[in-house]
Amino acid sequence: MAPLSYKGYTITPRTFQLRGSGQWTLDLLIARNGARRAFSTATTYSTELSAITGCCEFGRRIIDGTVKNCFV
C-alpha cells in the first residue's frame, strides 16, 4: 500500500483482513515532519481496495479537521 501525500502530510493505509470474516479494516498512519499518529475505526470493508480507499478518504478528512475528536 503506497503512501498518499495530502496537504504536506503522508497518509499510509495499514488495512488488514480480519481472520475468518473476509472483512478489511480501516487503519492508517498520518505523518508529517517525522511525527506519526495512528488512526482506526470499527468500520470494515468487503475488499482490500475499498478499505484502502476508505483509509485515504478518512485520512484526508482528519487532516481537514472534519472528524470529531481526531486531529493531527
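Two strands count as paired if DSSP finds at least two bridges between them, and strands here are DSSP runs of E with at least two residues, while helices are runs of H or I with at least four, each numbered from the N terminus. This is a predicted model, in which local features need pLDDT of at least 70 and side-chain atom pairs count only at pLDDT 80 or more, while totals for chains, interfaces and linings use all residues. Residues are numbered from 1 along each chain as its sequence is written, and side-chain values use heavy atoms, leaving out hydrogens and water.

**Stop one: the sheet.** Select the four strands: they make an open sheet, ordered S1-S2-S3-S4, with antiparallel pairing. S1 and S4 are the edge strands, each pairing on one side only. From one strand to the next, the twist averages 25°; axes are lines fitted to C-alpha atoms (for helices over the stretch in contact), with angles running from 0 to 180 degrees between N-to-C directions.

**Stop two: S1 into S2.** Go to the hairpin formed by S1 and S2, which has two residues between the strands. Lys7 sits in the turn, with a positive phi of about 50°. The two strands pair in the antiparallel sense over three bridges, and Tyr6 has Tyr9 of S2 as its bridge partner.

**Stop three: along S2.** In a regular strand, side chains alternate between the two faces of the sheet. Colour S2 by face: Tyr9, Ile11 and Pro13 are on the covered one, Thr10 and Thr12 on the uncovered one. On the next side, S2 and S3 pair in the antiparallel sense over four bridges. Ile11 stands opposite Ile30 in S3, and Thr12 has Leu29 of S3 as its bridge partner.

Now select H1, residues 48-64. The expected span of a helix is 1.5 Å times one less than its number of residues. For the 17 residues of H1 that should give 24 Å, and the end C-alpha atoms are 24 Å apart, so the two agree. H1 lies across S1, S2, S3 and S4, running at about 40° to S3. Its buried residues (buried is under 20% relative accessible area, exposed over 50%, partly exposed in between, with a 1.4 Å probe and protein chains only) are Ala51, Gly54, Cys55, Cys56, Phe58, Gly59, Ile62 and Ile63. They pack against strands S1 (4-6), S2 (9-13), S3 (24-32) and S4 (35-45).

Gly59 counts as buried because its relative accessibility is 0%. Then hop to Asp27 in strand S3, which is buried with a relative accessible area of 11%. Beyond its neighbours within four places in sequence, its contacts include Thr12, Phe39 and Cys55.

**Last stop: charges over rings.** Show Arg32 and Tyr9: the charged end of Arg32 sits over the Tyr9 ring, 4.7 Å from its centre. To count, NZ of Lys or CZ of Arg must be within 6 Å of the ring centre and within 35 degrees of the ring normal. Arg37 does likewise with Phe71, its charged end lying over the ring at 4.9 Å from the centre.

Conventions
Contact means heavy atoms within 4.5 Å.
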